[in-house]
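User: I'm new to this structure and would like a close look at a single part of it. Could you walk me through the sheet and the loops around it?

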Amino acid sequence: MKIQVLFFGITTDLVGSSALELNIADAATVADFKNSLKERYQQLEKLNSYAIAVNESYATDDLLLKENDVVAIIPPVSGG
């Protein structure tokens with residue numbers, strides 16, 4: 001199935017794009033997606049952690065993804 005992936009902050013630099021359309025396995029969870037993403041873009045291993053939002057809501061690893069979901073990769077941020 002196809003999903004839209006949006007990258008923010010340092011993840012844009014690591015992946016080389018701010019948005020991609022990816023094909024993932026049917027019935028994939030957020031955890032499955034994260035593993036697949038790290039296999040495709042090994043440079044993401046440089047990040048200790050990042051948040052995932054699906055359709056503008058933060059998602060847990062057990063959330064089941066659906067066709068045409070919009071998944072955002074949100075790196076840690078700091079402010080001052």
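Analyst: Here is a walk through the sheet, then the loops, and finally a pair of rings.

Keep in mind that this is a predicted model. Five strands make it up, it is open, and their order is 2-1-5-3-4, with mixed pairing. So who stands at the edges? Strand 2 (19-23) and strand 4 (57-58) do, and because each has a single partner strand, one side of each is left without a neighbour in the sheet. As a bit of background, strands of a sheet pair through backbone hydrogen bonds, and they can do so either parallel or antiparallel.

Now zoom in on strand 4. Strand 3 pairs with strand 4 in the antiparallel sense, over two bridges. You can pick out A53 there, standing opposite Y58 in strand 4. The loop between strand 3 and strand 4 is where you'll find N55. N55 isn't a glycine, yet its phi is positive, near 55°. As for the surface, N55 has 41% relative accessibility, so it counts as partly exposed.

There's another residue with a backbone angle like that to look at, A27. Its phi is positive too, about 60°, although A27 is not a glycine. You'll see A27 in the loop between strand 2 and helix 2. A27 counts as exposed, because its relative accessibility is 54% and the cut-off for exposed is over 50%.

Next, follow the chain past helix 2. The loop between helix 2 (30-40) and strand 3 (51-54) holds Q42. With a relative accessible area of 58%, Q42 is exposed. If you want a sense of distance, take Q42 and I73: they are 31 residues apart in sequence, and their C-alpha atoms are 15 Å apart in space.

The structure holds one aromatic pair. It is made by F7 and Y41, whose ring centres are 6.5 Å apart and whose planes sit at 70°, so the pair is edge-to-face. The pair links distant parts of the chain, with F7 in strand 1 (residues 2-7) and Y41 in the loop between helix 2 and strand 3, 34 residues apart. Are these two buried or exposed? F7 is buried, at 2% relative accessibility. Y41 has a relative accessible area of 17%, so it is buried as well, given that the cut-off for buried is under 20%. Q42, in the loop between helix 2 and strand 3, is exposed instead.

Terms used
Residues are numbered from 1 along each chain as its sequence is written. This is a predicted model: local features need pLDDT of at least 70, side-chain atom pairs count only at pLDDT 80 or more; totals for chains, interfaces and linings use all residues. Side-chain values use heavy atoms; hydrogens and water are left out. Helices (H or I, at least four residues) and strands (E, at least two) are DSSP runs, numbered from the N terminus. Buried means under 20% relative accessible area, exposed over 50%, partly exposed in between (1.4 Å probe, protein chains only). Two strands pair if DSSP finds at least two bridges between them. Rings of Phe, Tyr and Trp (its six-membered ring) pair if their centres lie within 6.5 Å; planes under 30 degrees apart count as stacked, over 60 as edge-to-face and the rest as tilted.
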